[in-house]
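Try each task before you read its solution.

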Amino acid sequence: MFDNILIYFVVIPLIMLGGLALCKNIKQIRTVAVIGSTALIVLSVVLLMGYLEQRAAGAMAEMLYVDSWTWFTPLNINLAVGVDGISVAMLMLSSIIVFAGTFASWKINPLPKEFFLWLILLSVGVFGFFISIDLFTMFMFYEVALIPMYLLIGVWGSGNKNYSAMKLTLMLMGGSAFLMLGLIGIYYHSAPEGGQLTWNILEISQNGAIDKGWQYFLFPLTFVGFGVLGAMFPFHTWSPDGHASAPTAVSMLHAGVLMKLGGYGCFRVAIYLMPEAANELSWIFLILTGISVVYGAFSACVQTDLKYINAYSSVSHCGLVLFAILMLNTTAMTGAIMQMLSHGLMTALFFALIGMIYGRTHTRDIRLMGGLMKIMPFLAVCYVIAGMASLGLPGLSGFVAEMTIFVGSFQHADMFHRVFTIVACCSIVITAVYILRVVGKLLFGPVQDKHHLELTDATWWERLSAITLIVCVAAIGCFPNFFNELINFTFDGSIFKVLGMN
Amino acid sequence: MDITLMYYLIPSLIMFCCGVYGFITRKNMIAILISLELMLNAVDINFVVFNRFLFPGQLEGMFFTLFAIAIAAAETALAIAIIINIFRVAKNIDVRDLTKMKF
Amino acid sequence: MESVGSIILYFVIAVAIVVFSVLTVTTRKILRSATYLLFTLFATAALYFSLDYEFLGAVQIAVYAGGIVVLFVFSILLTSKPGDKSEKLASKKRVLGLFAALAMLVVSGYALVSRCCMFAGKPAMEALTMHKVGETLMGTGEGEYLLPFEAISVLLLACIIGGVVVARKR
Amino acid sequence: MDQITSILILALPLCMFLLLGIFGNKMSHKMAGILGTLGMGVTLILAYSTAFTYFFSGNELFVDAAGNRLQHLVFDQTWLAFTQHLVIKLGFLLDPISAMMLVVITTISFMVHLYSLGYMHGETGFQRYYAFLSLFSFSMLGLVVATNIFQMYIFWELVGASSYLLIGFYYTKPSAVSASKKAFIVTRFADLGFLIGILILSFYTETFDFMTMTNAPENVLASTGGAVFMGGSVLTWALVLIFMGGMGKSAMMPLHIWLPDAMEGPTPVSALIHAATMVVAGVFLVARMFPVYLMEVTALEIVTVVGALTALYAAIVACTQVDIKRVLAFSTISQIAFMMVALGVARPDIHEGVGYMASMFHLFTHAMFKALLFLGAGALIHAVHSNDYTAMGGLRKYMPVTHITFLIGCLAIAGIWPFAGFFSKDEILVAAFENNALWGVWMTAVAGLTSFYMFRLYYRIFWWNEPDYEHHGHVPHDAPWTMTLPLIILAAVSVVAGFIPFGELVTWSREAYEIHINWTVAGTSIAVAVAAIALATVMYRKENELPDKLASRFKGLWTAAHHRFYFDELYMFITHKIIFNLISRPIAWFDRHIIDGTMDMFATVTNKVSYAIRGLQSGNVQTYVWVYLLGTLLIAAVAVICLV
């Protein structure tokens with residue numbers, strides 16, 4: 001079992017949990033968290049290298065590092081793991097954000113030990129979700145990632161935290177109810193008549209046994225189930241409240257990684273296993289996600305709370321992810337994955353910076369702040385960079401992702417899809433409006449509050465957190481083809497054969 | 001005339017119904033417990049009778065009853081302990097007054 | 001065709017069971033209720049004897065009639081106050097209880113009557129010796145009950161401790 | 001032409017940006033300034049040598065046996081492969097226009113770097129300023145050498161961003177912040193059109209590559225199959241949308257509103273970005289795609305109409321502005337519109353596409369003399385500390401060098417022989433007349449207006465009435481050499497640039513072609529220009545009542561022009577009243593109250609229902625048993641009835 005590298009993505013956080021339980025003071029907690037998250041980054045880099053090496057050596061299998069350990073025989077539940085380019089990318093993303101999140105919560109108060117325990121438990125769920133290819137295990141990890149959220153927001157949050165924590169948890173749980181129905185449905189149709197039922201994604205897709213009539217029923221269930229976590233209109237309202245109340249690192253992890261679970265799940269389960277239904281029903285969800293994209297951007301234009309702005313911007317950007325996935329072609333889907341990476345990194349950066357600013361000014365209302373560029377130049381410059389990434393400046397990640405999505409979506413043969421692509425394109429202008437509005441009000445202009453003049457710039461751990469993320473954002477923006485090829489290979493697989501496309 | 005299975009089941013059923021009636025109508029908790037014993041006893045009879053009539057070569061029904069009696073004894077002892085405790089606190093063992101657990 | 005004696009014996013037992021059961025739940029004095037329960041239990045024991053389960057009948061008398069009813073009586077004495085009047089039943093309660101009991105009777109009775117196998121006669125059974133009972137109770141093979149026996153003993157121990165803990169004075 | 005040089009041309013400014021951007025705070029001002037300027041100087045030399053090699057070496061890579069110039073791909077590296085055909089490459093395309101643009105950009109950029117050493121002396125954020133300048137130079141160079149339309153789009157966005165950063169350089173000034181925001185958003189809106197245009201075009205042509213598209217436009221465009229969308233062929237739509245991107249960057253009406261406000265940035269920035277280089281990107285884009293545009297004449301006609309309207313509009317507005325940088329800004333808009341018109345009227349059958357050549361020629365000369373004018377204006381502002389000409393007057397005595405160079409700039413833009421503007425503008429007018437006499441007359445009139453407002457400005461600054469400078473504390477004087485040297489160099493270029501045989505260097509088909517000056521057209525235009533200058537002399541040489549009288553005489557027109565025909569107000573109305581109040585706010589409200597309300601309602605309803613049914617949990621054990629029993633009996637009854 002332990003000769004498979006993937007399992008360590010769960011083992012390391014578990015060891016961290018144990019280590020944290022033994023910690024006595026904040027120093028030890030930090031040490032454990034930093035060592036653990038660094039180990040995770042190293043691990044994901046090792047995985048990336050190994051993955052690329054195997055691909056370069058001509059490994060053509062859909063997934064690599066595939067392994068399976070039986071867990072519960074009567075229902076054929078296995079701890080099945082395996083990765084393709086997308087999972088590798090997502091694992092990289094998660095480890096980076098956990099790393100940055102650790103530094104962003106350097107001074108968490110109160111109960112630092114418990115905070116890190118829950119945070120690491122959350123990351124167990126996240127990593128487990130991305131490595132598993134067994135629907136049941138996947139779902140289990142998904143829930144493991146969701147539950148700590150409630151406590152993290154409810155205990156360490158700010159503002160109307162009880163309401164937000166409750167709302168977030170309930171809505172996401174509602175989503176997982178749909179999801180569970182869908183997954184069980186898939187399980188019972190996973191094999192041809194009389195065959196061994198399975199939860200394993202690869203086997204299900206090879207069996208190709210899900211009846212078309214059932215697909216029409218199961219696809220919306222799973223897509224909406226994951227879509228709730230991906231902040232799909234109209235199930236996105238947990239996002240603004242939840243993010244606004246969550247502590248910094250939780251916002252980072254949530255927007256950066258957890259929302260990606262939604263997009264990833266939509267792709268990995270809903271689209272991958274039920275392509276025919278996806279093809280037929282995509283128009284409904286295209287309309288919904290298209291609305292998300294534009295609607296979220298417009299909403300962000302008039303918000304005054306920094307976190308709300310960012311949360312709505314996430315709605316818009318994540319809408320784009322689902323939008324692109326539904327286009328069902330290689331380029332758009334690659335774009336969707338890139339957008340997940342890009343959005344994960346830059347939103348994490350945004351939330352980290354907002355947290356740092358909030359920690360100093362004790363307000364997030366942009367009307368009460370101004371001229372921070374003069375007071376805390378480092379944070380301000382990082383904020384501008386994050387903003388630029390968000391509005392799609394070439395050289396940063398947002399541009400690459402959005403362009404891949406737009407070009408890919410526009411290759412769709414159907415006029416309806418192309419027109420909707422143009423609608424989605426409009427978001428780039430609106431994004432510019434709200435980003436520049438915030439940047440202009442918050443960072444530039446005269447200083448609004450004289451007390452702010454005494455505030456200090458970032459500390460070393462905050463700098464480390466921000467710089468890590470910025471470097472990653474720039475890396476994707478400057479060398480997109482690396483990621484493009486990493487992701488792209490996946491799509492040569494069976495999914496398009498079914499549809500007779502590409 | 002044969003005394004068939006039926007003849008044994010009917011008194012047991014009546015006994016059980018009496019237990020139900022008592023359980024629902026009585027206020028005194030000990031009376032309720034007594035009704036409960038009636039019901040248990042009725043069930044015991046059924047086990048034994050079925051064992052005797054349908055599977056005379058085996059002993060499952062009988063032993064089940066045996067164990068049921070033992071458990072009933074244990075249960076009664078504990079229940080009475082609780083009742084006495086309640087009486088000590090509430091000076092009363094009217095089941096209608098013991099509604100702290102609602103809502 | 002069974003002997004007239006056994007038929008008569010059966011009817012005596014059956015009538016006793018029915019009558020004393022009814023009296024148990026209808027009498028308004030709690031101590032009487034316990035007494036009628038005792039009679040019911042004796043009648044049940046007799047039933048077991050008539051079905052050739054002597055050991056069971058003995059247990060019934062020893063544990064139920066001898067142990068449990070005594071417990072009841074003591075607890076009644078402990079919990080009733082001197083001036084206690086016999087309880088009066090609310091008519092609404094009685095109607096509800098009667099309804100439930102009758103419904104039970106009707107449904108189960110219908111189920112009983114509509115099953116033909118219920119009319120099977122009493123088959124012959126080889127005598128159930130004490131030896132056999134003992135072996136079955138203490139054996140570990142299939143259809144033998146050492147493990148449940150031990151479990152029961154643990155349960156009883158727990159019950160004793162629990163009873164002491166719950167009932168002791170604070 | 002080796003790859004190293006071309007890579008260096010792009011890499012040097014980028015490295016400078018990173019160096020100054022990251023380590024700038026650790027450097028002294030002087031160090032940063034000199035580093036930046038040196039870096040740009042080296043780039044300048046490399047670019048000059050590249051352009052010289054391309055035009056004059058006669059290397060067979062660059063010119064074929066018949067004397068036609070060739071397009072040469074120095075390198076073309078895959079950056080992002082969308083599909084098999086749609087690949088974004090980063091490359092270096094060397095052809096006449098990109099070589100010319102290399103010269104223009106590096107020249108002006110170097111001048112501005114040098115000039116800023118003096119102009120920005122002692123400003124906070126000096127290092128940041130140089131970093132942004134380098135970033136801009138990098139992006140602009142990348143834009144002009146783009147090998148494919150997506151590379152162009154990438155750098156197009158980058159120049160937009162660097163323009164944003166530079167306009168907002170004085171970030172504590174609210175007006176600068178809002179101007180930068182406006183510039184970015186307006187151009188972003190235009191870029192949306194550009195992007196959609198690219199999407200449509202690439203959908204049909206299946207390529208981003210300029211060479212594939214322009215060398216055989218018939219072939220790649222055949223796949224559109226005459227598809228029609230909302231009354232226009234898709235090709236028209238695509239080209240018009242791409243042109244929309246150009247309209248945004250080149251400040252064509254109605255997307256011009258950001259450019260006058262962009263003057264909030266430091267003056268050298270205005271000279272570099274908002275006069276000479278970035279704003280002509282739109283012209284460059286149309287020129288780059290010209291063979292494709294030729295396939296769809298409708299699109300070219302739209303280019304012409306937009307250009308002509310903008311030229312007139314901007315010229316009229318320029319006559320009424322007080323802020324000298326705004327006058328120059330409107331003048332820039334007007335001149336870029338000239339280039340657009342020239343492209344719009346160019347056809348292969350009219351003097352072998354003279355319009356194209358004229359447009360590029362004008363781009364070149366305009367960059368020189370407009371940069372000169374802006375830098376001159378910078379020197380004036382530096383001396384007087386005000387942007388308004390009302391604070392100036394009679395400066396010729398105090399600032400002789402500035403005066404002479406500014407005058408040269410004015411003469412050049414007015415199109416007086418032998419200054420540079422004469423030659424390029426003349427070719428534009430010829431092309432316009434050949435296409436349609438209406439455009440010829442129209443553009444000649446605009447040229448007259450140009451001379452008028454430029455000399456109005458000139459006289460108001462250097463003649464008119466002298467305010468009491470002593471009173472304001474100090475007497476204006478010429479700037480230090482770092483500032484005057486660029487002025488002198490640019491003035492010299494403005495004088496001689498007209499004699500460059502441009503026709504042999506840059507033509508649409510890349511075949512050499514001899515310029516003939518059409519003296520009928522040229523004579524007319526000179527006559528009109530001289531008349532306009534004379535009028536300006538009469539009105540503004542000495543302080544007098546005439547301008548005010550005329551203004552009150554044509555009060556409606558004057559007020560409207562002074563307020564730039566209320567375009568800004570219109571935009572304010574649309575953005576604030578309509579988009580913010582009628583779209584964003586209702587959506588935000590809808591989200592909070594309807595969508596979120598629905599979600600909350602689920603919770604509320606659940607809560608209410610639970611509250612309502614909690615009475616069932618009475619705590620009365622007998623009730624529970626009764627209910628339980630009846631339930632069981634019900635099930636049993638059903639089972640019995642069904643099974644028996």
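**Exercise 1. Two helices in chain A**

At roughly what angle do the axes of helix α6 (residues 161-188) of chain A and helix α9 (residues 238-245) of chain A cross?

*Solution.* Before starting, note that this is a predicted model, in which local features need pLDDT of at least 70, side-chain atom pairs count only at pLDDT 80 or more, and totals for chains, interfaces and linings use all residues. Residues are numbered from 1 along each chain as its sequence is written, while chains are lettered from A and ligands numbered from 1 in the order in which they are written.

Step 1: find the elements. Helices (H or I, at least four residues) and strands (E, at least two) are DSSP runs, numbered from the N terminus.

Step 2: take the angle. Axes are lines fitted to C-alpha atoms, for helices over the stretch in contact, and angles run from 0 to 180 degrees between N-to-C directions. The axes of α6(A) and α9(A) cross at roughly 135° and come within 8 Å.

Step 3: classify the angle. Angles under 35 degrees count as roughly parallel, over 145 as roughly antiparallel, 65 to 115 as roughly perpendicular and the rest as oblique. α6(A) and α9(A) are therefore oblique to each other.

Step 4: list the residues that meet. Contact requires C-beta atoms, placed from the backbone, to lie within 7 Å. From α6(A) come K161(A), S164(A), A165(A), K167(A), L168(A), M171(A) and L172(A), and they meet W238(A), D241(A), G242(A), A244(A) and S245(A) of α9(A). By class, the residues of this contact are 6 nonpolar, 3 polar and 3 charged; here Ala, Val, Leu, Ile, Met, Phe, Trp, Tyr, Cys and Pro count as nonpolar, Asp, Glu, Lys and Arg as charged, and the others, Gly among them, as polar.

**Exercise 2. A hairpin**

Describe how strand β1 (residues 64-72) of chain A is joined to β2(A).

*Solution.* Step 1: check the pairing. Two strands pair if DSSP finds at least two bridges between them. β1(A) and β2(A) run antiparallel and are joined by 6 bridges. One of the residues to look up is F72(A), whose bridge partner in β2(A) is I77(A).

Step 1: look at the turn. The two strands form a hairpin with 4 residues between them, and N76(A) in the turn has a positive phi of about 55°.

Step 2: check the burial. A residue is buried if 20 or more other C-beta atoms lie within 10 Å of its own, exposed if 12 or fewer, and partly exposed in between, with C-beta atoms placed from the backbone. In strand β2 (residues 77-83) of chain A, 6 of the 7 residues are buried, so the strand is largely enclosed by the rest of the structure.

**Exercise 3. Backbone exceptions**

*Solution.* Step 1: recall the background. Most residues other than glycine have a negative phi, and most peptide bonds are trans.

**Exercise 4. Which chains touch?**

Which of the 4 pairs of chains in contact shares the most contacts?

*Solution.* Step 1: compare the pairs. Chains B and C share the most contacts.

Step 1: Chain C gives 69 residues and chain B gives 57. On the chain C side, α3(C) supplies the largest share, 13 residues. That side has 46 nonpolar, 18 polar and 5 charged residues.

Step 2: turn to chains D and A. Here 38 residues of chain D are in contact with 41 residues of chain A. α6(D) gives the most to the chain D side, with 13 residues.

Step 3: rule out pairs. No contact joins chain A and chain B, whose closest C-alpha atoms lie 22 Å apart.

Terms used:
Two residues are in contact if their C-beta atoms, placed from the backbone, lie within 7 Å.
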